[in-house]
Amino acid sequence: MTDKPVTLAVIIGAHGVAGEVRLKLFGEGVETLKSYKGFDAAGRTLTLKSVRPGPNGAVARFVEVGDRSAAEALRGTELTVPRSALPPLGEGEYYHADLIGLPCFSSDGEGLGNIVAVENFGAGDIIEVERPTGKRFMAPIHAVTIADERVVIEAAFAV
């Protein structure tokens, strides 16, 4: 896998007057963020000083952000880390970021397109595939085999 950036959170606004920010989390929670000391924030490095659970996700303080105006200016900024900074996975596990962009083929060998999203609506992961024509379809992860930087989807789900 390439060392592409992986988004762990996005700043959704300021919290208070001292420069704290509210975060929407995309990972496993507040404790996960504590294992990273710094984040790339649109080309700028932000050093994590503290983080705690908060409304809609978490509240964080960064060394480089000293007041509410600076915190508000960061609204919408994604906090990323390199893929190589993420913990290693066990057999059969994957990060959603690793699946985005993978080429897909049906079990009959037909080229289907590339994965553009991985969703979970409550019953398990679902991949979304965009065909070369621009049309999209979804398939449940249990109908997918991931190997050798490509995905094979059972033909019955490749509609």
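I looked up the largest pocket and found about 690 Å³ of space in it. On a 1 Å grid over the protein atoms alone, a pocket is an open set of points where a 1.4 Å probe fits, with protein on both sides within 12 Å along at least five of seven lines, and lining residues have an atom within 4 Å of a point. I noted that 21 residues line the largest pocket, with Val6, Phe26, Tyr95, His96 and Ala97 the closest to its centre. Strand E1 (5–15), helix H3 (96–99) and strand E8 (111–120) each give two or more residues to this lining, and E1 gives the most, with four. Helices (H or I, at least four residues) and strands (E, at least two) are DSSP runs, numbered from the N terminus.

This is a predicted model, with local features needing pLDDT of at least 70 and side-chain atom pairs pLDDT 80 or more, while totals for chains, interfaces and linings use all residues. Residues are numbered from 1 along each chain as its sequence is written, and side-chain values use heavy atoms, without hydrogens and water.

Next I turned to the second largest pocket, with about 300 Å³ of space. Its lining has 15 residues, and Gly90, Gly92, Glu93, Tyr94 and Ile146 lie nearest its centre. H3 and strand E11 (144–147) each supply at least two of the lining residues.

**Threonine 80**

I found threonine 80 in strand E6 (residues 78–82). Is threonine 80 buried or exposed? I put it down as buried because its relative accessibility is 11%, and buried means under 20% relative accessible area (1.4 Å probe, protein chains only). Leaving aside neighbours within four places in sequence, threonine 80 is in contact (heavy atoms within 4.5 Å) with Pro5, Val6, Thr7, Phe39 and Asp40.

Notes
Grid points are joined across faces, edges and corners, and a volume is the space filled by probe spheres set on the points. Buried means under 20% relative accessible area, exposed over 50%, partly exposed in between (1.4 Å probe, protein chains only).
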